[in-house]
Amino acid sequence: MTAIGLAILGSTGSIGTQTLDVVRGLPDRFRVAALAAGGNVSLLREQIEEFRPSAACAAPGAEADHLASDFGRDAWLPLDDLAVRPDVDIVVVATAGRLGLEPTLRALEAGKIVALANKEVLVVGGHVVRAALEANEHRGAELRPIDSEHSAIWQCLWGEPIETVDRLTLTASGGAFRDYDMDALDRVTPEQALIHPNWQMGPKVTIDSATLFNKGLEAIEARWLFDIPIDRVDILQHRESIVHSMVTYADGSIKAQLGEPDMRLPIQCALTYPERAPQQPAPPLDLAARGTLNFSEVDTERFPALPTVLEAGRRGDTSAAMLSGADESAVEHFLAGRCRFTDIARLLVEALDAHEADTDPGLEQLIAAEAWGQRFVNERVAAGIR
Ligand code: MG
């Protein structure tokens with residue numbers, strides 16, 4: 001069996017490092033063909049020494065420039081070029097924000113498999129990514145989810161025709177502040193918001209989990225991944241993050257996927273599909289030791305970011321791309337102490353009200369909408385939000 005070539009975009013982040021963990025566990029199956037990092041150049045240097053990719057890159061800077069000359073400038077390539085190299089079979093898109101959108105499009109157009117960890121790619125670019133996927137499926141293009149909820153749904157769907165699906169149910173831990181009342185939410189600090197009860201993740205997604213914005217992004221992600229109307233995607237609070245998501249079929253039967261909260265299993269599934277590798281990358285789940293699993297409705301009054309982003313998703317126009325940009329800026333301002341936690345949702349509501357949406361957007365309009373959202377929030381915060 002020839003080893004499958006991987007390009008890992010965002011190799012030094014949370015998903016990137018866990019992808020390399022999975023590769024370490026299956027060394028005969030995978031070959032790291034390309035690595036791309038942001039600012040963590042020293043870790044990228046270590047990864048290059050360990051995995052010997054044929055191409056690499058990092059965000060520009062003095063340290064990156066030094067590594068580029070050690071590595072070889074001919075093989076130091078932009079993200080878009082890494083994604084389409086002939087020795088790459090699967091592109092793992094684990095970059096932050098919208099940075100992964102163009103490489104995803106290029107990879108699909110080149111008939112590659114994209115294993116997607118980055119939600120913004122679909123929330124901002126869903127219209128064009130879906131079109132690129134459908135136009136290139138005959139050449140081998142595939143889109144596989146890494147996000148734990150979508151991996152769960154995807155695994156439940158294996159062998160089941162999509163026509164027999166009634167509803168998808170995304171489970172939500174409820175984030176860091178699920179037990180806080182409204183007054184307490186006004187006073188929470190970035191440090192408190194950065195502690196997730198169940199998952200170890202990057203800062204942006206951890207804050208998005210605390211506002212529940214993340215769950216709305218995931219509903220939009222599900223809409224594009226599984227080509228199902230967003231009104232058939234439900235959200236259910238489940239404190240323990242053991243049931244990763246569920247599918248209800250036309251006959252009322254429900255399938256769910258369970259496991260300890262550990263991203264290495266969904267990553268491995270995306271890399272080894274349609275096979276299941278005979279090794280467990282994550283700790284085993286002991287249900288008897290867990291004892292109880294809890295489920296309840298999400299409180300959309302305390303967490304208005306969720307209904308706001310779901311409304312944007314329902315509109316199906318540039319609203320979701322715009323909100324993605326608005327949220328990125330709002331989270332930055334919150335982390336820097338320039339606005340309160342509850343201002344994040346307030347800014348999103350205002351941005352959705354003010355946005356003039358494009359109903360049939362191409363890539364250019366989607367990117368412009370995202371930038372508009374960022375600008376709107378930056379200007380509101382600069383003007384003094386209180
Ligand atoms: Mg998730």
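Which backbone nitrogen does the side chain of T211 reach? The side chain of T211 reaches the backbone nitrogen of F213, at 3.1 Å. This is a polar contact, that is, a pair of N or O atoms within 3.5 Å; within protein, one must be able to donate a hydrogen and the other to accept it, and residues adjacent in sequence count only if both atoms are side-chain atoms. The model is predicted: local features need pLDDT of at least 70, side-chain atom pairs count only at pLDDT 80 or more, and totals for chains, interfaces and linings use all residues. Residues are numbered from 1 along each chain as its sequence is written, and side-chain values use heavy atoms, with hydrogens and water left out.

T211 is found in helix α10 (residues 203-211); helices (H or I, at least four residues) and strands (E, at least two) are DSSP runs, numbered from the N terminus. With a relative accessible area of 5%, T211 is buried, where buried means under 20% relative accessible area, exposed over 50%, and partly exposed in between (1.4 Å probe, protein chains only). Not counting residues up to four places away in sequence, T211 touches F303, A305, L306, F341 and I344, contact being defined as heavy atoms within 4.5 Å.

Leaving aside neighbours within four places in sequence, L306 is in contact with T211, L212, K215, G216, I235, V298 and T300. The C-alpha atoms of L306 and L348 are separated by 9.9 Å, although the two residues are 42 residues apart along the chain.

The metal site comes next. The magnesium ion is coordinated by D147 (OD), E149 (OE) and E218 (OE), at 2.1 to 2.3 Å. Donors are N, O and S atoms within 2.8 Å of the metal (3.2 Å for Na, K and Ca); water is not among the atoms, so sites may look incomplete. In sequence, the donor residues are spaced D-x1-E-x68-E. E149 lies in helix α7 (residues 148-157) and E218 in helix α11 (residues 213-226), so the pair ties together parts that are 69 residues apart in sequence. Both E149 and E218 are buried.

S173 lies in the loop between β7 (165-172) and α8, and counts as buried at 10% relative accessibility. A polar atom of the S173 side chain lies 3.0 Å from the backbone nitrogen of G175. T189 lies in the loop between α8 (182-186) and α9 (190-193), and is partly exposed, with a relative accessible area of 31%.

The axes of helix α6 (residues 119-136) and helix α17 (residues 363-382) come within 9 Å and cross at roughly 175 degrees. Axes are lines fitted to C-alpha atoms, for helices over the stretch in contact, and angles run from 0 to 180 degrees between N-to-C directions. The two helices, α6 and α17, are therefore roughly antiparallel to each other; angles over 145 degrees count as such, those under 35 as roughly parallel, 65 to 115 as roughly perpendicular and the rest as oblique. V124, G125, H127 and V128 of α6 make the contact with L363, L366 and E370 of α17. G362, in the loop between α16 (341-354) and α17, has its C-alpha atom 8.5 Å from that of G125.
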